[in-house]
Amino acid sequence: MKISHCTNCGSRNQYRSEPVSAGGGHAPNYLPGLGGFFKAEKFHVVVCRQCGLTRFFAREVALEKLGQSEKWREA
């Protein structure tokens with residue numbers, strides 16, 4: 001995943017987290033059907049240091065499962 005610039009302010013000063021859980025358990029599951037049986041999928045959080053815009057990006061392994069998942073359909 002390569003983030004070149006902020007879509008809000010144009011800054012190239014972006015920070016990315018290590019993969020964090022996309023939910024499950026007592027929290028909503030933001031990537032349903034893309035994780036394991038007892039494990040929610042993870043995503044990276046990217047924050048712009050200039051304006052604070054925060055974006056969530058699914059990992060490659062989750063993107064590969066989108067076509068087979070009953071929980072997702074093409075928009």
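**Figure 1. Overall fold of the predicted model.** The structure shown is a predicted model. Read along the sequence, the protein follows the pattern β-β-β-β-α, which amounts to one helix and four strands. The C-alpha trace spans about 40 × 25 × 20 Å along its principal axes. The protein has 75 residues, of which 23% count as buried. Among contacts with a separation of 6 or more, 51% are between residues 24 or more positions apart. The protein exposes about 5900 Å², and carbon and sulfur atoms supply 51% of that area.

**Figure 2. The salt bridge between Arg59 and Glu41.** The structure holds one salt bridge. Arg59 forms this salt bridge with Glu41, and the closest N and O atoms are 2.6 Å apart. The pair links distant parts of the chain, 18 residues apart. Arg59 belongs to the loop between strand 4 (54-58) and helix 1 (60-65), while Glu41 belongs to the loop between strand 2 (20-21) and strand 3 (42-48). Are the two partners buried or exposed? Arg59 counts as partly exposed because its relative accessibility is 27%. Glu41 has a relative accessible area of 5% and is therefore buried.

**Figure 3. The largest nonpolar core.** Six residues make up the largest nonpolar core: Ala22, Leu31, Leu34, Phe43, Val45 and Ala62. In soluble globular proteins, nonpolar side chains tend to be buried together. Ala22 is found in the loop between strand 2 and strand 3. With a relative accessible area of 1%, Ala22 lies under the 20% limit and so counts as buried. Neighbours within four places in sequence left aside, Ala22 is in contact with Pro28, Asn29, Tyr30, Leu31, Glu41, Lys42 and Phe43. The C-alpha atoms of Ala22 and Pro32 are separated by 8.7 Å, and these residues are ten residues apart along the chain. For Leu31, with neighbours within four places again left aside, the contacts are Ala22, Glu41, Lys42, Phe43, Ala58 and Trp72.

**Figure 4. Two aromatic pairs.** A search of the whole structure finds two aromatic pairs. Phe37 and Phe38 form an edge-to-face pair, 4.5 Å centre to centre, with 80 degrees between the planes. Both Phe37 and Phe38 are exposed. Phe43 and Phe56 also form an edge-to-face pair, 4.9 Å centre to centre, with 70 degrees between the planes. This pair links distant parts of the chain, since Phe43 is in strand 3 and Phe56 in strand 4, 13 residues apart. Phe43 is buried because its relative accessibility is 9%. Phe56, by contrast, has a relative accessible area of 52% and is therefore exposed. A pair of aromatic rings is described by the distance of the centres and the angle of the planes.

**Figure 5. A nonpolar patch on the surface.** Leu63, Leu66 and Trp72 form a nonpolar patch on the surface. Together, these three residues have about 240 Å² of accessible area. Leu63 lies in helix 1. Because its relative accessibility is 42%, Leu63 counts as partly exposed. Trp72 is also one of the residues in contact with Leu31, and Leu31 is a member of the largest nonpolar core.

**Figure 6. Ser11 and Arg12 in the segment before strand 1.** Ser11 lies in the segment before strand 1, and Arg12 has its place in the segment before strand 1 (14-16). Which of the two is buried, and which is exposed? Ser11 is buried because its relative accessible area is 13%. Arg12 has a relative accessibility of 64% and therefore counts as exposed. Not counting residues up to four places away in sequence, Ser11 touches His5, Cys6, Cys48 and Gln50. Ser11 and Arg49 are 38 residues apart in sequence and 8.1 Å apart in space, C-alpha to C-alpha. Arg12 and Cys51 are 39 residues apart in sequence and 11 Å apart in space, C-alpha to C-alpha.

Terms used:
Residues numbered from 1 in each chain as written. Heavy atoms only, no water. Salt bridge = Lys/Arg side-chain N within 4 Å of Asp/Glu carboxyl O. Helix = DSSP H or I, 4+ residues; strand = E, 2+ residues; numbered from the N terminus. Buried < 20%, exposed > 50% of the residue type's maximum accessible area, 1.4 Å probe, protein only. Core = buried A, V, L, I, M, F, W, Y, C linked by side-chain atoms within 4.5 Å. Contact = heavy atoms within 4.5 Å. Patch = residues over 30% accessible without salt bridge, like charges linked within 9 Å, V, L, I, M, F, W, Y side chains within 5 Å. Areas by Shrake-Rupley, 256 points an atom, 1.4 Å probe, with all protein chains shown as cover. Phe/Tyr/Trp six-rings, centres within 6.5 Å; stacked < 30°, edge-to-face > 60°.
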